[in-house]
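Student: I'd like to learn how to read a structure like this one. Could you walk me through it?

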Amino acid sequence: MLRQILLAGATSALLAGAASAADLPRRAAPPVFIPVPVFTWTGAYLGVNAGYAFSERDTVRTTGIGALQLNVDRGFRQAAVDVRQEGFTAGGQIGYNYQFTPGSGIVVGVEADAAYTDLQRTRTDIRFNPNTLTNTYRSDLSFLGTVRGRIGYAFDRFLVYGTGGFAYGDVNQSVNFRTNAPVAYSGSRSNIETGYAYGGGIEYALPTDSFLNFFKSSAVTIKAEYLRYDLGSRAITVANTNTAVFPGAGYIARFRTEGSIARAGINYKFGTY
């Protein structure tokens with residue numbers, strides 16, 4: 001009888017302890033750690049740019065063939081004419097970057113771009129000998145494109161880089177010499193010329209949720225860039241247009257096409273965060 005009373009008491013105590021334990025607060029689960037992704041410049045991008053284009057050394061240098069060199073020596077046809085230009089430029093670019101170490105580190109890449117350039121100038125020079133001599137010089141670079149390598153160093157979202165490579169452009173140049181008499185000399189060329197370009201820039205990656213990110217890309221970057229281009233020097237034969245009246249080859253005019261571009265741009269980066 002006593003044994004049954006003790007067993008009943010022990011059972012009651014165990015049930016009461018279990019009930020009290022059920023009322024205790026449960027231990028919260030440990031928080032899940034989500035690492036913050038480290039930004040990398042690796043990935044493809046495309047964008048647009050606009051800025052200011054100018055040239056410093058565009059000079060037409062003229063020499064006469066045979067006896068016509070006397071007209072140059074006497075100043076009737078100028079030996080050197082300044083046709084420097086400046087204007088607006090706008091275009092687009094596409095490229096790919098690879099960063100060796102996310103966060104800060106070396107970045108290499110390749111970029112191709114093409115831009116309209118408002119670089120056109122016409123110079124008219126009038127001389128008297130006593131005939132009226134009208135000398136007209138025209139130089140025009142309507143667009144410029146490049147394919148360049150890039151190498152730089154990233155400080156997280158800030159990138160400093162140098163760049164260089166191939167350049168090409170649509171070049172139109174002409175020279176016309178006229179007098180009161182039925183004698184005129186004319187020469188022109190229109191061609192896609194090639195050369196090189198080099199420069200550098202800085203670029204910054206905006207936060208991913210930037211209001212500019214309407215393409216929903218992995219990043220939006222803004223940049224400021226300077227490029228120097230050189231498409232070389234070419235000669236034009238300024239030939240007599242009426243050899244029956246005054247036979248002779250005419251003149252040689254040499255043009256040089258080089259200049260600079262300072263521009264800003266925006267890129268939309270795709271792929272890796």
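Tutor: Let's start with burial: buried means under 20% relative accessible area, exposed over 50%, and partly exposed in between (1.4 Å probe, protein chains only). Keep in mind that this is a predicted model, where local features need pLDDT of at least 70, side-chain atom pairs count only at pLDDT 80 or more, and totals for chains, interfaces and linings use all residues. Residues are numbered from 1 along each chain as its sequence is written, and side-chain values use heavy atoms, with hydrogens and water left out.

Student: Is Q93 buried or exposed?

Tutor: Q93 counts as buried because its relative accessibility is 5%. Strands here are DSSP runs (E, at least two residues), numbered from the N terminus, and Q93 sits in strand β4, residues 86–99.

Student: Which side chain does the side chain of Q93 make a polar contact with?

Tutor: A polar contact is a pair of N or O atoms within 3.5 Å; within protein, one must be able to donate a hydrogen and the other to accept it, and residues adjacent in sequence count only if both atoms are side-chain atoms. Here the partner is the side chain of N267, at 2.7 Å. A polar atom of the Q93 side chain also lies 3.4 Å from the backbone oxygen of V48.

Student: How do I read strand pairing?

Tutor: Two strands pair if DSSP finds at least two bridges between them. Strands β7 (residues 158–178) and β8 (residues 184–206) run antiparallel, joined by 21 bridges; T163, for one, has G199 in β8 as its bridge partner. Then β8 and β9 (residues 219–240), also antiparallel, share 13 bridges, with L206 standing opposite V220 in β9.

Student: What is V171 in contact with, leaving aside its neighbours within four places in sequence?

Tutor: Contact means heavy atoms within 4.5 Å. With those neighbours left aside, V171 touches D140, L141, R189, S190, N191, E193, L231 and T257. V171 belongs to strand β7 and is buried, at 1% relative accessibility.

Student: How many residues does the largest nonpolar core have?

Tutor: A nonpolar core is a set of buried Ala, Val, Leu, Ile, Met, Phe, Trp, Tyr and Cys residues joined through side-chain atoms within 4.5 Å. The largest has 15 residues, and V175 and Y137 are among those with the most contacts inside it. Two or more residues come from each of β7, β9 and β10 (250–270), with β10 giving the largest share, 3 residues. Another core, of 10 residues, lies apart from that one and includes L144, A197, L231 and I261.

Definitions and conventions
Helix = DSSP H or I, 4+ residues; strand = E, 2+ residues; numbered from the N terminus.
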